[in-house]
4 protein chains.
Amino acid sequence: MSNTGRALSGKEVAEHNSRESCWIIVHGKVYDVTDFLDDHPGGSKIILKYAGKDATREYDPIHPPDAITTNLKPDKHLGSVDLSTVEKVEVKITDEERARQARIAARPPLSEILNLHDFEAIAKDVMHEKAWAYYSSAADDEITNRENHAAFHRIWFRPRILRNVIKVDWSTTILGQKSKMPLYITATALGKLGHPDGELNLTRAAAKHGIIQMIPTLASCSFDEIMDAAEPGQVQFFQLYVNKDREITKRIVQHAEKRGIKGLFITVDAPQLGRREKDMRQKFDAEDPSEVSKAGSDGVDRSQGAARAISSFIDPGLNWSDLKWFKSITKMPLILKGVQCWEDALEAYDTGMAGVVLSNHGGRQLDFARSGIEVLVEVVTNLKEKRGLSFPNERFQLFVDGGVRRATDVIKAVALGATAVGVGRPFLYAYSSYGPEGVDKALTILNDEFEMNMRLLGARNIEEIVPEMVDASNIHLHTVAVPSDNLYESNYERLQGARLRTKL
Amino acid sequence: MSNTGRALSGKEVAEHNSRESCWIIVHGKVYDVTDFLDDHPGGSKIILKYAGKDATREYDPIHPPDAITTNLKPDKHLGSVDLSTVEKVEVKITDEERARQARIAARPPLSEILNLHDFEAIAKDVMHEKAWAYYSSAADDEITNRENHAAFHRIWFRPRILRNVIKVDWSTTILGQKSKMPLYITATALGKLGHPDGELNLTRAAAKHGIIQMIPTLASCSFDEIMDAAEPGQVQFFQLYVNKDREITKRIVQHAEKRGIKGLFITVDAPQLGRREKDMRQKFDAEDPSEVSKAGSDGVDRSQGAARAISSFIDPGLNWSDLKWFKSITKMPLILKGVQCWEDALEAYDTGMAGVVLSNHGGRQLDFARSGIEVLVEVVTNLKEKRGLSFPNERFQLFVDGGVRRATDVIKAVALGATAVGVGRPFLYAYSSYGPEGVDKALTILNDEFEMNMRLLGARNIEEIVPEMVDASNIHLHTVAVPSDNLYESNYERLQGARLRTKL
Amino acid sequence: MSNTGRALSGKEVAEHNSRESCWIIVHGKVYDVTDFLDDHPGGSKIILKYAGKDATREYDPIHPPDAITTNLKPDKHLGSVDLSTVEKVEVKITDEERARQARIAARPPLSEILNLHDFEAIAKDVMHEKAWAYYSSAADDEITNRENHAAFHRIWFRPRILRNVIKVDWSTTILGQKSKMPLYITATALGKLGHPDGELNLTRAAAKHGIIQMIPTLASCSFDEIMDAAEPGQVQFFQLYVNKDREITKRIVQHAEKRGIKGLFITVDAPQLGRREKDMRQKFDAEDPSEVSKAGSDGVDRSQGAARAISSFIDPGLNWSDLKWFKSITKMPLILKGVQCWEDALEAYDTGMAGVVLSNHGGRQLDFARSGIEVLVEVVTNLKEKRGLSFPNERFQLFVDGGVRRATDVIKAVALGATAVGVGRPFLYAYSSYGPEGVDKALTILNDEFEMNMRLLGARNIEEIVPEMVDASNIHLHTVAVPSDNLYESNYERLQGARLRTKL
Amino acid sequence: MSNTGRALSGKEVAEHNSRESCWIIVHGKVYDVTDFLDDHPGGSKIILKYAGKDATREYDPIHPPDAITTNLKPDKHLGSVDLSTVEKVEVKITDEERARQARIAARPPLSEILNLHDFEAIAKDVMHEKAWAYYSSAADDEITNRENHAAFHRIWFRPRILRNVIKVDWSTTILGQKSKMPLYITATALGKLGHPDGELNLTRAAAKHGIIQMIPTLASCSFDEIMDAAEPGQVQFFQLYVNKDREITKRIVQHAEKRGIKGLFITVDAPQLGRREKDMRQKFDAEDPSEVSKAGSDGVDRSQGAARAISSFIDPGLNWSDLKWFKSITKMPLILKGVQCWEDALEAYDTGMAGVVLSNHGGRQLDFARSGIEVLVEVVTNLKEKRGLSFPNERFQLFVDGGVRRATDVIKAVALGATAVGVGRPFLYAYSSYGPEGVDKALTILNDEFEMNMRLLGARNIEEIVPEMVDASNIHLHTVAVPSDNLYESNYERLQGARLRTKL
């Protein structure tokens, strides 16, 4: 079958509806996925369901726009189909989906959402299970994922009193760009899993609230779609996974610069995408049991191969010597995203980077990597000692992400020397539970929290949030309780206080 | 409608019983609250219930006496009503209230209450839900609120033996005033939420037990009512929220001094009153669902605006330079309430204050503020080092509040240098569960605990409670367990000890 | 009514069967307890049940033998009764007691009891509720009580290998007396609560296993009964509560010496007996509700007064200057029981004591007192530094008690410098669950554990258990977790591992 | 009955089918076990079930091959039986076994097993209860057993970025032998409990994956069977329990050397095999209740005697002076297995050992022994300081075992100086749940984890895994939470976030 100019008819496509010959339609194009069936990360079953049919609706939320063209060899791209000749796929609503719709209807009004935790609680209830699994999952035992949040709990405030805090102002400057808060929306993949508008929800809310969005390489919306959705003058950053093929990378980077991106965040903590077991287990349920048994019995582990396929374009060979090249192809400030020790932060500084993001990729890569906020403390100490730098610093900026849920978390990072903090999942949960209004509300809540807590802390502006305002002396303390003595504890009778009498 | 001398009739008022025109009667006065409906912190529904009627009974426990006059512009004060012409509001008893009354009847006798925890346990069962929510709620994730109690658990005793402890005496002197215990009843708002007599319960018990009450600015009873309820010679302190209008503050302060107040505690940790989410959620339930939906859909967040309204008189501009002025208008000893680091304690000393209360407002303001008892340790160390002070100190007294439940908590604070400790919520719970006898009993229990524990500690009087009697070396330790390894733990089979055989 | 030589008749006694005139018979003697009713710690109801009758059976297990004679003025001792004329009290078996008997029958055979925890588990099930409450309760929030056990978990072993451990010997010498283990049975009150033979169970087992029993002042059996039950040559110590009347104390001490007691342990941590709230709550249930209401309503707190009455003979005036007097009245080695800091241990040494027991009274006195094992570390350090002593030391011996459940606990204490360790509750639970065979088995288990663990540790005898064999560097660490973030945690979805499929 | 050459008949044997005279057949030989009945660790009941019959099927999985010949005096070995004359034992399938078979059928396919935890989860469900109890049990309160895993959680990564990690290689050299991973399969007893092929499952998987198996002395398969199952050139180590009879030991060692063993690991942490209470309790259930009662009533504790019998051949007299002798009888590298402090590691080095395994025997011997990974830190520090050694070190190699579940655990040990890590239980669980494919899959998972995590860590080979890549500063921290304040906590009302509304 050749990839000619002639549009195929729906009928032609419909004939290839089996494991032996399986064509599908995505965005008006026809693809032959017969050989790809066993390599599909989501299992073959879900593809076979759309064999010979239009799979766009199912495909869209869970794939980057170019996933299919990237993973399929050119000769499997069969060209356009005349959509008017394609039969509509009838969507059957399952009981599970019906229950989910009922849960959506039972959401509390947005006015009752008081903090970022609340969005997550509702999102867990109303999102598709798969989408929730993808967003929330993390590496191995998810220790680092939770440590990211827990680390903030080892930092306590030392507030100052009797300062005139009638006016408090938490706006700042990030890489020379104005931001109304010391935080930005960090890059996260597959935004359409949570809402049909995907990353555009974030773009619009960022515009409204005067903060900066970092556009992800693996967005569900295309880069240009997102750029087009921006307001005139709206500042955006771009997160880059570096492709093995540097020409592609060059093209992407220069296109980004041309479109006005103000900072390029090169991800350096993901030479290979992490295994997220919760996400993987989720996929098993989607498999045809007979397929699974086969996989089990013949010992072939398809899930591994597939996971690799998706991230196969990312270059594990990327190294320090590549940075010079980056400087040669763009004038955008370059920031390394995923630095996790002071030695690499120092190297980044010496190499002329504009900054680093101290991050462990939301706990999705190396488990037992330390939290960004903990690394921040050692980076500030060592760069002061070895290069005489003080932070926040205009010329070399420190960013932190992971585990942020409250404005106080952000304030802690700023006090310790961060220019700004990246927030990711909470905004995904915000629009997954309440659509665009959710993100708007999330940012309103953060603003309210900033105002309140800067007053209570006695800091009238970002400069006044100083290291002396926090006690981070416990930040490096990783305590694990001695295992419990179950026999002793089961013998101990818990104290019982006063109780109401049962009726006499 | 003019605010003339003529008393309105009940019938006139009753005509204004709708959202379009809504009048209510409080303490014999008529108010036009039509425009205020949407700004009411408790929601409009509860006001509309009393539209055209006498709302005094509902109003009283949950508002400071002057809340309505302060929040409503003078032209909405419509003057007196002839109460004989007003129809009595019939109170319908809900099922919920009936259940609560049954719980009240099932309280154990007061003789079975053994400690301060017990009052809280019973109060939780017998209080109105809203009242419980208001008293018990705290800021954000309520971490600081619980840390206040937990911090005492990091301090352990080093008791001395073989001292003749036939007589032990825990009386002391606070700001030059005798107190039978090294503790005082600290200021808390809205005392009538728990009992119709509100703060008077505390005044009377304080008199009986020879301790000092700190009268709150936001009391449910008026300041003069409370002063009038005092015994001759009874010592009282006054807690002050500083008003933006300094004339009002001056009037309040000088009136307090004239009435015999012996110490003025200026609150410095609340330029803005904290968001207490438990309390806020409680309010949603009181809303008319239709109102809520509206609020949700139009994106207007009334709860925020309302919360601000209440605390709007508090001056966020209050600062160190104001203290001179305070010294010019009163001779009362001035104490700053809400100091949270040694730097500010030092400043307070240098500014000529009589002392500071190391406090985080019961965890109701800035979450992750450290506990007063922890701050005490750094204050004592630094004021010794930098000003050569030793504590307790007559000229500059240190107070602590937050988290106290046992006399041993108080003793720990005294050992570390505090002159006295403030106790708030436990006394509210005491009268909310058992009325005035509850507070009396609470103080009796504390006296029993003091006697017992001073003997066991080997301290015959307050002077003998010395720093060497406690080990506070862990006080700055804020440990957060490494997140649990759920897979490992779910595989571990807990040891099972000897068990009774099931019948053979 | 005079206390003449004539024996009263059962009929005479039976007439005084009311609250107005209440006589009871105990051990063949008649007592007028009318005025004592309201002061009885167990409440008046239980006495009134036996008004005019023989209360011996109920009295015996829960009182020291002389409780009634001590608490009642001589004119209330009405003399003997002719027991043949007294009607037998018919014992009704309650449903509760029937259930307890069934549980006793369902005990696993003693051969299945593997460790000291197991006795406690069974005792909890088969003891009278009151008895369990009395034995297991501790002061205030029972923090110290549990810390006693927990502290051992902060000490870890550093075992040595490749030593010939064919023969291991854990016998030692305590105050110059041979003991087959480095532990002794420490003094605990009211032994008959758990078994009719009370302390005699311990005397016999101690003889069989070659260890030393410390006889308590508040034993259920009389001192002489216990001494008489000893084997010829069996070594025993005596624990002393010092009476306000020093003549009584002198008589007791000299009698003990005459009967062959080899060490006098003077309790110094109990100038007043602690409030144990679990025990107190237990008593409420035994009260007549009408009595309770009365107590509650008239505000009189009888429980307090009664608790004081019991311990009223103990002298809170006891002090260091008394120790000279003790040395003048006896040649027995004097040991202070209840020392809790190095300063007092040093003082005891300087005063010529033979040793100290580092103890907090099983957590029953001052809550937040540190564990004996923790205090041991500071005592050894400071007495070495300040007096050049090394431990274990023949001339000044250190003992520890509290929280011991395993031979490894004892070994830890010995490694850190203790001569021996006191074990109390576990032996009470052993005979409360299985009678005398229980204590025998408990000691057999300990012997097995000693043999095993000394081999595994590489110590062939007590001298080889050296400080280098333990890591106690965490002993002073009192960690309290930062309060949990409930919202975050309720959002976190615990990882779920592989599971069996439900049937297809 | 003489042990002549004549084969006995099945009928003859069948006559000895009672407690009075009890013969059994194992592997075609007849044994008189009458006198042994009461000493059998598994109780007499199970033997009596096979009295006069062929017990091979039941015997095999739960005994080392020579258990019966070792424990029974030669005169009780009655010679061969003519198997053709022996009646087949009919196996009755119990309900419990039927349920277990159903669980086996419900196992998820192997492709769904994602990590080593998963095998354990399934094994717990599908193994015989006894087998599970034997494999999983540990000493006393199993504190050390769990600490082994927990200790790894106190070590966190400091990953490096921007290294070209296209190729990562985690192969290494152990005692001069190639290994494809820095781990080996360590020795564990009674391999047939989990699968009929026992240790052979491990031998085959080791061959396939290029790693080394350590053959245990107490294997279910005979040493030669295991050696015979190896591939040509496959490297194996041998773990040795030293026999009291050194001639036996010499024979075993020299035979092992002759068969090609490349390293002799002498166990030094087990002069006596530990008491594992879970395992012991499991056995009670296998007892005839009447037997148990007898044991309980006559006070004889058979379980103890039996446990000793099994390990009676192990020489508790083994000591440092024996090592010279070992060097005289073999040229194999000698490694001490079970070293637990730096002093003994130093001694081992000075004595010319080739290395030590820092191990506490999987937590099965001395409870509160520290984890191997913790000991590693002190060993590396002290051997550097006192002997100038750096690690990993070719001449004196350090090994660690205990608690390993992830490749990251292994990497942590390697970073800290270990040459390789021993993994035991996880492989037993792998074949107990899925047979040989299970072990294969387990090793595949580990390889996947190594590849991923070395990339994420920035280490391209074993040499690049350096100490700076981990933060082990918390390794010696053994925290035990201060006991909880139950009354306070039961009063605290957990924060409740946003929730779905119940249907209106």
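**Close-up views of helix pairs and chain contacts**

**View 1. Helices α18(D) and α19(D) are oblique to each other**. Here, angles under 35 degrees count as roughly parallel, over 145 as roughly antiparallel, 65 to 115 as roughly perpendicular and the rest as oblique. You are looking at a predicted model, in which local features need pLDDT of at least 70 and side-chain atom pairs count only at pLDDT 80 or more, while totals for chains, interfaces and linings use all residues. Residues are numbered from 1 along each chain as its sequence is written, and chains are lettered from A and ligands numbered from 1 in the order in which they are written. Helix α18 spans residues 407-415 of chain D and helix α19 residues 425-457 of chain D; their axes come within 8 Å and cross at roughly 55 degrees. Such axes are lines fitted to C-alpha atoms, for helices over the stretch in contact, with angles running from 0 to 180 degrees between N-to-C directions. Helices (H or I, at least four residues) and strands (E, at least two) are DSSP runs, numbered from the N terminus. The crossing of α18(D) and α19(D) is right-handed. A crossing is called right-handed if the near helix is turned clockwise from the far one by less than a right angle, and left-handed if anticlockwise. From α18(D), the residues A407(D), T408(D) and I411(D) meet L446(D), E449(D), F450(D), N453(D) and L457(D) of α19(D). Two residues are in contact if their C-beta atoms, placed from the backbone, lie within 7 Å. This contact of α18(D) with α19(D) has 5 nonpolar, 2 polar and 1 charged residues. Ala, Val, Leu, Ile, Met, Phe, Trp, Tyr, Cys and Pro count as nonpolar, Asp, Glu, Lys and Arg as charged, and the others, Gly among them, as polar.

**View 2. Helices α9 and α19 of chain B cross at roughly 15 degrees**. The axes of α9 (residues 200-209) and α19 (residues 425-457) of chain B come within 9 Å. That angle makes α9(B) roughly parallel to α19(B). Their crossing is left-handed. On the α9(B) side, the contact residues are N201(B), L202(B), R204(B), A205(B), K208(B) and H209(B), and on the α19(B) side F427(B), Y431(B), P436(B), V439(B), D440(B) and L443(B). Sorted by class, they give 7 nonpolar, 2 polar and 3 charged residues.

**View 3. Chain A superposes on chain D by a rotation of 90 degrees**. The shift along the axis is 0.0 Å and the RMSD is 0.1 Å, with copies superposed by least squares on the C-alpha atoms of residues with pLDDT of at least 70 in both. This is the relation of a four-fold axis. The copies use different surfaces, as 15% of the contact residues of chain A recur in chain D. The contact takes 59 residues from chain A and 50 residues from chain D. Elements of chain A that each supply at least two residues to its side include α12 (277-286) and β11 (334-339). The largest share on that side, 5 residues, comes from α6(A). By class, the side of chain A has 28 nonpolar, 16 polar and 15 charged residues.

View 4. The same surface serves both copies, with 96% of the contact residues of chain B recurring in chain D. Chain B and chain D give 25 residues each to the contact. Among the contributors on the chain B side, each with at least two residues, are α8 (143-152) and α20 (486-491). α6(B) gives the most, with 4 residues. That side has 8 nonpolar, 6 polar and 11 charged residues.
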